[in-house]
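The following note concerns the interfaces and domains of the structure shown below.

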Amino acid sequence: MAGNALARAPLAAGFADPVRDSQAVFRAVMTALARPALPQPLAVALGPPAPLTPELAAVALALADHEAPLWLDGPLASVSAVADFLRFHTGAPIVTDPAGAAFALVADAAALPPFDAFAQGTQDYPDRSTTVVAAVERLAQGRGLAFEGPGIRQRAALDAAPVPADLAQRLARNRALFPRGVDLVLVAPGRIAGLPRSLTPVGEP
Amino acid sequence: MYVAVKGGEKAIDNAHRLLAHARRGPADLPEVAPAQIAAQLTLGVDRVMAEGSLYDRDLAALAVKQARGDLVEAAFLVRAFRTTLPRFGHSLPVDTTRMGVERRVSATFRDLPGGQVLGPTFDYTHRLIDFRLAAGAEPPAPAEAPATPDEPMPRVTDLLDGEALIEREAPGEEGAPIGDLTREPLDFPADRDLRLQALARGDEGFLLALAYSTQRGYGRTHPFVGEVRFGEVAVEFVPEELGFAVPLGRVAVTECQMVNQFKGSAQVPPQFTRGYGLVFGQSERKAMSMALVDRALRAREFGEEVVAPAQDEEFVLAHADNVQATGFVEHLKLPHYVDFQAELELVRRMRAEHAARGSEAVGMREAAE
Amino acid sequence: MSAATGYSFAYLDEQTKRMIRRAILKAIAVPGYQVPFASREMPMPYGWGTGGVQVTASIIGPDDVLKVIDQGSDDTTNAVSIRKFFARTAGVATTTKTREATVIQTRHRIPEAKLGEHQILVYQVPIPEPLRFLEPRETETRRLHALADYGLMHVKLYEDIARHGHIATTYAYPAEVAGRYVMDPSPIPKFDNPKMDMCEALQLFGAGREKRIYAVPPCTRVRSLDFEDHPFTVQSFREPCALCAATGVYLDEVVLDDRGGRMFVCSDTDFCEERRADGHRGHLLGEAPAAIAGEAGDA
């Protein structure tokens, strides 16, 4: 076992300053969820094994640990170096059942699994739900899905791609479950945006 | 960087300086060393370790010194330290049959395998102030017996179990999660593992009073002390990377197995039931109280009517922690004048309205006359 | 590790911070819902702000500027103690000026100045459960929240009206968040309740002893419970602040002597000082005791 581990390529480094970097990434995630559909800057200096993006890795390193399991989508799960990297830096169990995950990492956002595959919490404990973190290529304000809800003064629109064609319908069904539901976080190079379950999609802006 | 400085800060700094001064006491007396506290005020240090939920005798002794002998405050200091420590996992269950027994007594049998071992105890002493201690007399050397081979000492409840006279304790499921109320907030109804953890950390005085109340009819359980034992046990831990148990060291614990009123039905022949107590250090009062309250809290499980405080899980678990309790009671010393102002204003307004209604009524009466 | 103290940055270990951060994220996603969290023992007693301190310690970063108030004042003992705690363990800049702060931890008040979107308000909460004094059992109140069954609360408020002609709750006045959960806003005077509604700042609530965190995201509806025939109102003060002449703010009553002499001054000391610096003069400014009027040379 030890021999195999040694034979592998060396692990990519984690946060240079774990205390500061974790705090900064958490604040970006928090602000993204508190001000939904408004992309926030997320500066990351990580070089994780592909297809794990630096932003997905940053969220996992900041928030996952042995009390908060991770689930990986197909493309991430197919590269063992991704799991090795995450296990080493977070100590989080990597689960195969998405409903058992505190955080789900999705590299292929267009193939986002249906939300009901994840933990949606219970009526008594809606917090016991999965936060789904998906990597997209484009993440910008305006010209896209429009939302209302807590954290938005009137209405906000988010242009994200690639995402499933029926994302608005999925988010509407997610909202109908409130207070149950999953919270979606989208990351793109250098940016992050939150779509918590409290949001109501309202069609094109 | 700029830091706000105001008049209140100076006052607080001065209060803390005065505290340090008061702690030290008169300078012409030698300062007490933590090692002396650890070695000579052992039972106080034990209590701090138990309620502080951390087995570290030197740290607990230092906390007692820092707290000027206030054991609840000392437990609080230890808790605040404990919370910053990394948690690597949980140990294997300690095997108390392999305890290096210093004391072991049973009330249910005149004699039993392993014998009655009285050990160091206040029981049977006359509670007369011993003025010789003030003079610092050296005690005579303890009596010695030939060393007994280190063989397991079976627990009384195991003896009863052999005859199926007492309920069988189902062994925990392999790999089942082990509750820890310091990592997950309590959720009611709580399982017995969490209840026992809460009781083990709980305030000795609170548990003592609850246990006492069960003896006085508030949730009677008809208890017998199967046995109380005190001594050191080995703690073992299985590191994930090794996959086998390694010894971490030895801790002194007091264990109480209470044997309680039997249960039975047309289907199940009658059996005694159990109450269990285990605490760090030597504290029979705490271990016995814990065992009594544990049994009382099992009321639901045995289909007993929940009528007394000691049987009320939410009541007991929510109020057993003295660090929580002392904080909230003492927080009333903090300023509350903003809320009080709101109440003042309302009372004044209602009194004014009341007075106005009164004079209106007088006016109407006068008009009618 | 912070070299000055031997403890982690902002005291808490990283694992604890992650746990609290995860709870905060869920609290934001479900506004007003009380997320259970594994509250740690802190070096200050329960009931003295351990919940607020844990929340602040989990969110604060080296670039933040922290303000701590108790009863609206930066100079009350508990505010001083908590501010020093963070100055020592996190080395962050502290301030008494509301507009300079990025994180404001508070006990019992919301600052008078309108908060901005760059700010986070952290409340210290003693009893997070708004239904607790109507129903002592957690199992029961959890069910009531799950069903959004707040009839009990309305009955209580209505009984007040029947008995006193008023709703007799003057602080910790219950409010509905984003049309769903009823929350306890902590023991702020109900005077402050309207400030929570559509507030630009993120509001986080930490209850250490009771192990709950909840949140009101920015720009979120917060409606104080009331009745059509008894709409929610806040108290008003008859006179302006004796030091800065402000009106429409919450005032502390200061007893001046044993012959009934008293004055009313701003509870929010920073607000009052700023107004005085801007030249506003209350009618008793020259006569106020130094402890109330503050020192001229505040650093």
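1. Domain bounds, as used here, come from an automatic or database domain assignment. On that basis chain B is divided into domain 1 (9-82) and domain 2 (96-123 + 153-168 + 183-327). The C-alpha centres of these two domains of chain B lie 29 Å apart.

2. On the basis of the note: this is a predicted model, in which local features need pLDDT of at least 70 and side-chain atom pairs count only at pLDDT 80 or more, while totals for chains, interfaces and linings use all residues. Residues are numbered from 1 along each chain as its sequence is written, chains are lettered from A and ligands numbered from 1 in the order in which they are written, and side-chain values use heavy atoms, with hydrogens and water left out.

3. Between the domains of chain B, 14 residues of domain 1 are in contact (heavy atoms within 4.5 Å) with 18 residues of domain 2. The two domains of chain B bury about 1,400 Å² between them, 57% of it on carbon and sulfur atoms; buried area is the accessible area (1.4 Å probe) that two parts lose on being put together, summed over both. On the domain 1 side, B:Glu51, B:Tyr55 and B:Arg79 lose the most area to domain 2, together 41% of what that side buries.

4. Two salt bridges are found across this interface between domain 1 and domain 2 of chain B, a salt bridge being a side-chain nitrogen of Lys or Arg within 4 Å of a carboxyl oxygen of Asp or Glu. B:Arg47 forms a salt bridge with B:Asp203, with the closest N and O atoms 3.0 Å apart. Helix 3 (42-52) and helix 5 of chain B each supply at least two residues to the domain 1 side; helices (H or I, at least four residues) and strands (E, at least two) are DSSP runs, numbered from the N terminus. Helix 3 of chain B gives the most to that side, with six residues.

5. Where chain B meets chain C, 51 residues of chain B are in contact with 69 residues of chain C. About 5,100 Å² is buried between chain B and chain C, 54% of it on carbon and sulfur atoms. Six salt bridges are counted between chain B and chain C. B:Glu9 forms a salt bridge with C:Arg83, the closest N and O atoms being 3.2 Å apart. The elements giving two or more residues to the side of chain B that touches chain C are helix 1 (7-24), helix 5 (71-82), helix 12 (322-330) and helix 13 (337-368) of chain B. Helix 13 of chain B gives the most, with 13 residues.

6. Chain C is divided into domain 1 (14-224) and domain 2 (236-299), with 27 Å between their centres, taken over C-alpha atoms. Their contact takes 15 residues from domain 1 of chain C and nine residues from domain 2 of chain C. The two domains of chain C bury about 970 Å² between them, 46% of it on carbon and sulfur atoms. In domain 1 of chain C, C:Arg109, C:Glu112 and C:Phe191 lose the most area to domain 2 of chain C, together 44% of what that side buries. One salt bridge is counted between these domains of chain C. The side chains of C:Glu274 and C:Arg99 meet in a salt bridge (2.8 Å, N to O).

7. Chain A has six helices and 10 strands.
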